[in-house]
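Here is a short note for a colleague who is opening this structure for the first time. Please read the points with the model on screen.

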Amino acid sequence: MSTSNHASSNAASSRETTEGTVYTVTGGDWDEIVQSAARADDERIVVNMGPQHPSTHGVLRLILEIDGETVTEARCGIGYLHTGIEKNLEFRNWTQGTTFVTRMDYLTPFFNETAYCLGVEKLLGITDQIPDRATVLRVLLMELNRLSSHLVCIATGGMELGATTIMIYGFRDRELILDIFELITGLRMNHAFIRPGGLAQDLPPGAVDQLRDFVKTMKKNLPEYDKLATGNPIFKARMQDVGYLDLTGCMALGATGPILRSAGLPHDLRKSDPYCGYENYEFDVPTTESCDSYGRFLIRLEEMRQSLRIVEQCLERLEPGPVMVADKKIAWPAQLAMGPDGLGNSLDHIRTIMGTSMEALIHHFKLVTEGFRVPAGQAYAAVESPKGELGVHVVSDGGTRPYRVHFRDPSFTNLQAMAAMCEGGQVADVIVAVASIDPVMGGVDR
Amino acid sequence: MSDDPAVENGNNVPAPRGTAGPEVIRVRKGMFGAGGGGDTSGYGGLVRTVALPGASVRPYGSYFDEVADELEGALEEQGLVPGNAIEKTVVDRGELTFHIAREHLVQVASTLRDDPALRFELCTGVSGVHFPGDKGRELHAVYHLRSITHGRVVRLEVSAPNGDPHVPSLVAVYPTNDWHERETYDFFGLIFDGHPALTRIMMPDDWQGFPQRKDYPLGGIPVEYKGAQIPAPDQRRSYS
């Protein structure tokens with residue numbers, strides 16, 4: 001090949017391998033690649049997209065075999081973000097587990113935490129004892145989180161099509177939600193706020209007012225997405241009939257969430273297998289019959305409206321009360337308070353255990369260092385995350401640490417459908433199809 | 001004397017299947033996980049067996065009896081003695097688990113999927129569990145099946161010994177298990193026979209060992225915090 005030792009810095013370098021010529025693209029050198037590929041007279045071209053391509057949602061590697069502009073075969077390479085969270089959980093106590101699972105799918109931290117805690121609570125047999133206020137707040141946080149996750153999906157999906165306005169809008173509104181998360185939990189992401197038995201702490205002063213303001217603002221902002229994108233002919237032309245996966249395909253590949261609902265099946269665990277009292281909330285499950293990316297976009301838009309409805313209902317239901325289970329053998333003993341060096345154990349609590357009650361000190365020490373024991377057995381808890389069924393398989397051997405925790409992350413399962421959605425389509429449509437799956441690699445690789 | 005318990009107990013009622021007691025997975029000794037040191041407390045002499053819930057007897061409650069009846073009936077229709085396929089049925093914490101003999105896994109799964117009264121259309125993948133103390137059944141594969149039609153969930157559990165870590169693949173029945181089985185192979189070394197391309201999925205292709213097995217160390221280095229050395233997570237005191 002003539003390009004191997006080219007002087008220009010923009011040149012595509014190439015090397016010969018047993019599988020054919022391998023080109024390394026650095027940008028600005030497409031013409032050269034096309035020319036040498038034409039000279040090589042080899043019609044089969046394999047393109048590696050990622051793992052560091054901005055439009056692959058993190059470190060996802062797409063391996064595409066293309067013929068001209070048509071994708072003949074598509075495969076995913078995953079595992080670049082594997083951090084061994086499931087293994088790490090086996091070396092921490094049950095409460096510390098939330099700190100890890102919240103980092104799995106980092107766009108849906110409250111869903112990970114809730115699913116994990118529901119599993120642990122099932123093992124402990126305390127599902128019925130979780131205080132109402134904690135459950136309502138869990139629902140509230142999850143629905144806000146659904147909004148923020150869908151906003152990121154729509155924003156980044158738009159950006160990949162070149163629609164930067166929708167990206168700005170999406171991140172603008174997500175910022176409002178992250179502000180609320182920061183107010184309530186102290187952190188914008190990776191909260192570890194939902195704990196086995198309830199919540200880490202109660203709402204801070206002013207949170208309900210800010211939530212009401214947010215609902216008002218969001219009601220004003222949500223129609224903007226409709227105006228901007230829903231009827232936009234370019235947007236529709238890029239999205240319609242792209243990433244097609246019908247009901248049969250969804251069921252076979254185990255796809256859930258907006259992908260399944262875009263095929264017309266109104267399956268939503270909040271309705272079909274309610275948890276956290278979802279049966280008491282009024283909301284609709286939107287579906288479309290189009291089986292394509294555009295349908296999934298419409299569903300996400302409608303789900304955001306429904307989530308806002310649920311948030312409003314949560315605010316009405318909030319009654320004063322405890323946010324942690326009454327059983328002192330499980331409930332975290334310490335109250336948190338803001339100190340000069342950040343959030344920590346409240347001084348009142350420390351004064352009590354250090355100054356007045358030896359037994360309270362022992363109790364605190366045992367529960368914090370050792371943790372509580374969970375009776376041996378296994379449990380499966382599933383929640384409807386923005387991406388589909390998020391299932392947790394928790395196994396205990398009766399000890400103070402999880403014996404095994406497995407997350408069935410919806411991104412992981414849904415990403416398998418990429419090949420079925422993309423093969424036979426155009427290269428440019430791969431981006432749209434992957435965006436409509438909305439994979440988050442933190443969840444896929446764990 | 002007949003070997004058939006139905007004849008033996010005098011009436012025609014079949015003996016309750018799966019009289020197996022709790023499944024012992026481990027024997028725990030001492031209290032604080034420390035060994036070798038001088039034990040002045042006496043707690044070091046504690047011996048406790050850790051057991052998973054054993055087989056349940058009917059009625060199972062909830063929709064579980066119906067599912068179990070339908071499954072057993074459907075298997076009988078196919079000429080399979082249910083007792084051979086279903087090793088035991090466990091109802092624990094409001095969940096139904098069928099322990100399946102691995103050679104019958106595919107048939108049981110396709111029955112659960114196809115029988116109109118069962119219709120477990122959605123498989124949520126497979127989760128591996130390693131019980132080094134469960135001799136002869138060290139590696140477990142756990143499947144959760146969901147019926148959207150009937151709104152039900154069941155769990156299937158199969159086990160394989162360490163020396164012969166083979167379980168039939170369910171990809172032909174539930175194609176969604178493709179990546180899930182690769183993941184379980186990657187982490188536990190369970191070989192799913194019949195999988196179209198069983199390769200590692202998370203770890204690099206040339207990785208040695210199976211990281212989520214209990215005998216595989218977590219690794220890590222001690223960290224210093226405010227002048228004190230905090231040992232690596234797998235070196236810290238374990239109370240279990």
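**Notes on the model**

1. **A run of strands in chain A.** 9 bridges join strand S10 (residues 377-385) of chain A to S11(A), and the two run antiparallel. Keep in mind throughout that this is a predicted model. S10(A) and S11(A) make a hairpin, with 2 residues between them. How many residues of strand S11 (residues 388-396) of chain A are buried? The count is 9 of 9, so the strand is mostly covered.

2. **The largest nonpolar core.** This core has 87 residues. Those with the most contacts inside it are A:Leu144, A:Phe214 and A:Tyr278. Helix H5 (residues 132-160) of chain A gives the largest share, 11 residues. Start with A:Leu144. Leaving out residues up to four places away in sequence, A:Leu144 touches A:Ile177, A:Ile180, A:Phe181, A:Leu211, A:Phe214 and A:Val311. A second, separate core has 73 residues. Among them are A:Cys76 and A:Ala433 from chain A, and B:Cys123 and B:Val154 from chain B. As background, nonpolar side chains tend to be buried together in soluble globular proteins.

3. **Aromatic pairs.** A search of the whole structure finds 11 aromatic pairs over all chains. One of them is formed by A:Phe110 and A:Phe181. Their centres are 4.8 Å apart, with 75° between the planes. That pair counts as edge-to-face because the angle is over 60 degrees. It links distant parts of the chain: A:Phe110 sits in helix H4 (residues 109-124) of chain A and A:Phe181 in helix H6 (residues 164-185) of chain A, 71 residues apart.

4. **A pair of tyrosines.** The rings of A:Tyr169 and A:Tyr225 have their centres 6.3 Å apart. Their planes are at 90°, so this pair is edge-to-face. A:Tyr169 belongs to helix H6 of chain A, and A:Tyr225 to helix H7 (residues 207-230) of chain A. The two residues are 56 apart, and the pair links distant parts of the chain. A:Tyr169 counts as partly exposed, at 24% relative accessibility. A:Tyr225 counts as buried, at 0%. Elsewhere, A:Tyr275, A:Tyr278, A:Tyr281 and A:Phe283 form one aromatic cluster.

5. **A buried asparagine in a loop.** Look at A:Asn93, in the loop between helix H2 (85-89) and helix H3 (97-101) of chain A. Its relative accessible area is 6%, so A:Asn93 is buried. A polar atom of the A:Asn93 side chain lies 3.0 Å from the backbone nitrogen of A:Gln96. What does A:Asn93 touch, not counting residues up to four places away in sequence? The residues are A:Val368, A:Thr369, A:Glu370, A:Gly371, A:Thr400, A:Arg401 and A:Pro402.

6. **Backbone points to check.** Most residues other than glycine have a negative phi, and most peptide bonds are trans. A:Cys291 is not a glycine, yet has a positive phi of about 60°. A:Cys291 lies in the loop between helix H11 (269-272) and helix H12 (293-317) of chain A. The residue is buried, with a relative accessible area of 5%. B:Arg119 also has a positive phi, near 50°. B:Arg119 is in the loop between helix H4 (105-114) and strand S5 (122-130) of chain B. At 31% relative accessibility, B:Arg119 counts as partly exposed. A cis peptide bond joins B:Arg58 and B:Pro59, with omega about -5°. B:Pro59 is found in the loop between strand S2 (47-52) and helix H2 (64-77) of chain B.

7. **The annotated span in chain B.** An unreviewed UniProt entry carries the annotation "domain: NADH:ubiquinone oxidoreductase 30kDa subunit" for residues 99-220 of chain B. In the model, that span is 18% helix and 29% strand. Its end C-alpha atoms lie 36 Å apart.

Key: Residues are numbered from 1 along each chain as its sequence is written. Chains are lettered from A and ligands numbered from 1 in the order in which they are written. This is a predicted model: local features need pLDDT of at least 70, side-chain atom pairs count only at pLDDT 80 or more; totals for chains, interfaces and linings use all residues. Side-chain values use heavy atoms; hydrogens and water are left out. Buried means under 20% relative accessible area, exposed over 50%, partly exposed in between (1.4 Å probe, protein chains only). Helices (H or I, at least four residues) and strands (E, at least two) are DSSP runs, numbered from the N terminus. Two strands pair if DSSP finds at least two bridges between them. UniProt positions are given in the numbering used here, feature names are shortened, and annotations may be inferred rather than shown by experiment. A nonpolar core is a set of buried Ala, Val, Leu, Ile, Met, Phe, Trp, Tyr and Cys residues joined through side-chain atoms within 4.5 Å. Contact means heavy atoms within 4.5 Å. A polar contact is a pair of N or O atoms within 3.5 Å; within protein, one must be able to donate a hydrogen and the other to accept it, and residues adjacent in sequence count only if both atoms are side-chain atoms. Rings of Phe, Tyr and Trp (its six-membered ring) pair if their centres lie within 6.5 Å; planes under 30 degrees apart count as stacked, over 60 as edge-to-face and the rest as tilted.
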